[in-house]
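Trainee: I would like to take a close look at one part of this model and to understand how its residues are placed.

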Amino acid sequence: MADTDSLAEALKAISVSTELIEEELKPHMDTLLNLLLEKKKGTAEQIACSGVLPTLAQTLRNKGSLISQVALLVAEMAREAAVRERCIEAGLVTALVPLLNSSDQDLLLHTGRAIGRICFDNTVQQTQLVKSGVIPRLVAIMHQYPENDPLVNVCLLALCNLADMDAAKDALAEVGVAEVLTTQLKRAPDAERRHLILEVLGSLGESDALKLQFVEAGVPDALSEMIRKLQGDSDPHDLCSIKIASNLIVTLLLGDESMQKCFGEGTGSIYQDVLSWLQSSNTQLQLSGALAIANFARNDSNCVKMMELGVVPHILDLLEHHVDEGDVSVQHAGLSALRNLAIPASNKVRMLEDGVSERIRTLLRSDMPPVQFKLLGTLRMMVDGQEEAATVLGKDEVLLARVTEWCEAKDHAGVRGEANRLLAALIRHSRSPEVIHSVIKADGVQHLISMATSEHVIMQNEALVALAIASAIDIEAVQEPFRDADLLPTLQKMLDDPVGAVEVKFSTLGLICSLANSSMLKEQMEALNLKDSLSKLSSHTSTKLASQADTVMAVLSETS
């Protein structure tokens, strides 16, 4: 008999069967299944259109001897995307879901495949699956039959499809999925299974609740062990696994509790592994290592401990290795780690003593804006509150030349802003005449004046304070550069600005007070009729600002 004839006969027999007598149905089910397994083109569509799908659903609900065969038949049929909607309409999904409670491993396999294929890429159905409680069952099946690889694979695929849903994450947080995934990761037989588990872990690792569960269940250790085994291999699949696994560890460190557990006061195995990544020849591991250190350095106690344990030289070695033709991402991550480590005051002193600022200066020759941006931010953090460090860097002609060059970075506002802020910070924290002279010599004054008119209040204030300190320390040295750069007309505009921030005007008044000590600048104030601008502020709604304006007018009158 031709395949088309046997298919038509089997479909007719099933469709007219009202009693669903299994002995009668079995040969016809066998026919359908054989044709599907032979991959006969169009078979699935013919079955779906024949009207027998509700009969198949009822057979599954009856839970008789044909149940496993029918589940397999549906799974094979659902390989074809065109029939999946009909399967849903016929109630096959709702008939299949209860079968996940079976203890028959073959039935579980066929059921899992059938549900997975029918609901693939169907958000509505996937949401219904989660609501119907499939998540605990999938985890339980992997827990019960951890060595049944085909069955585990089906469960992992299902989790992979569902894991991005918030409801699924909530359900998984309650059923101990971390232990099951850790077990499977350790026994993954090949790259395909590894990637499947890593994809599930990656989706779930974004959840704060699951981050801590994963760490407590030993997921980072299993990932690190996997990385150790794969290191040195050039196989693209293995390199991909290393990338995903190391990125996942970095993600798990974003949770405060999970990060602290992995750190273990500097003795944690994950922290030790991360240190070894910094010295690896694998660029991806170097990047993940630097990002991980930056994540560990999110509180002062960790920063101080890591400084004591000698992490900084490893980061500097890494940065120097990548400075020429190197990886921008690694440099960016390394500088982020250094910047975080430099936040505690004791670490700043230690870094200066260890010559970090000298070694970090090698990065000044970088032409990559992301590296320049991070370098400037790191240097600014290192001089924050550190007079000695600010003085050493502030007298460095090579550094100042590069910083003033970056103050004019037209294509990167971030670099331009950070360069200006570092220039102001060198004066503010050093309060050194030598630094002021060096900044003048490097043509930095004009940049500070421009910074005072920035759209960001914090930058305006930093610039105004730096200019005030410079004028208070050595008015003779700064008066001509200030006059030539039109500082006073700029300040007058800021005082007259009807929408200018009160705190900026307050800092501007403080600077004018310092400038009044110069007879040259005093004459310019009179020529500009600055007192008129000050008198308008005397009636300002801010009593503090009005009082300051009166004080400055009194100072100007005294020095007249």
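How many disulfides does a search of the whole structure find? Please then look closely at helix H22 and its surroundings.

Mentor: The model is predicted, and a search of the whole structure finds zero disulfides in it. A disulfide is a covalent bond between the sulfur atoms of two cysteines. For Cys49, the closest cysteine sulfur belongs to Cys87 and lies 11 Å away, so the two are too far apart for a bond. Cys262 is likewise in no disulfide, as the nearest cysteine sulfur, that of Cys303, is 16 Å away.

Turning to helix H22, which spans residues 312-322, the buried residues are Val312, Ile315, Leu316, Leu318, Leu319 and His322. These residues lie on the same side of H22 because they cover an arc of only 160 degrees around the axis. Their packing partners are helices H19 (269-278), H20 (283-296), H21 (300-308), H23 (328-341), H24 (345-353) and H25 (356-360).

Leu515 touches Ser471, Ile475, Phe482, Leu487, Leu488, Leu491, Leu521 and Met525, with residues up to four places away in sequence not counted.

Conventions:
Residues are numbered from 1 along each chain as its sequence is written. This is a predicted model: local features need pLDDT of at least 70, side-chain atom pairs count only at pLDDT 80 or more; totals for chains, interfaces and linings use all residues. Side-chain values use heavy atoms; hydrogens and water are left out. A disulfide is a pair of cysteine sulfur atoms within 2.5 Å. Buried means under 20% relative accessible area, exposed over 50%, partly exposed in between (1.4 Å probe, protein chains only). Helices (H or I, at least four residues) and strands (E, at least two) are DSSP runs, numbered from the N terminus. The arc is that of the directions from the helix axis to the C-beta atoms. Contact means heavy atoms within 4.5 Å.
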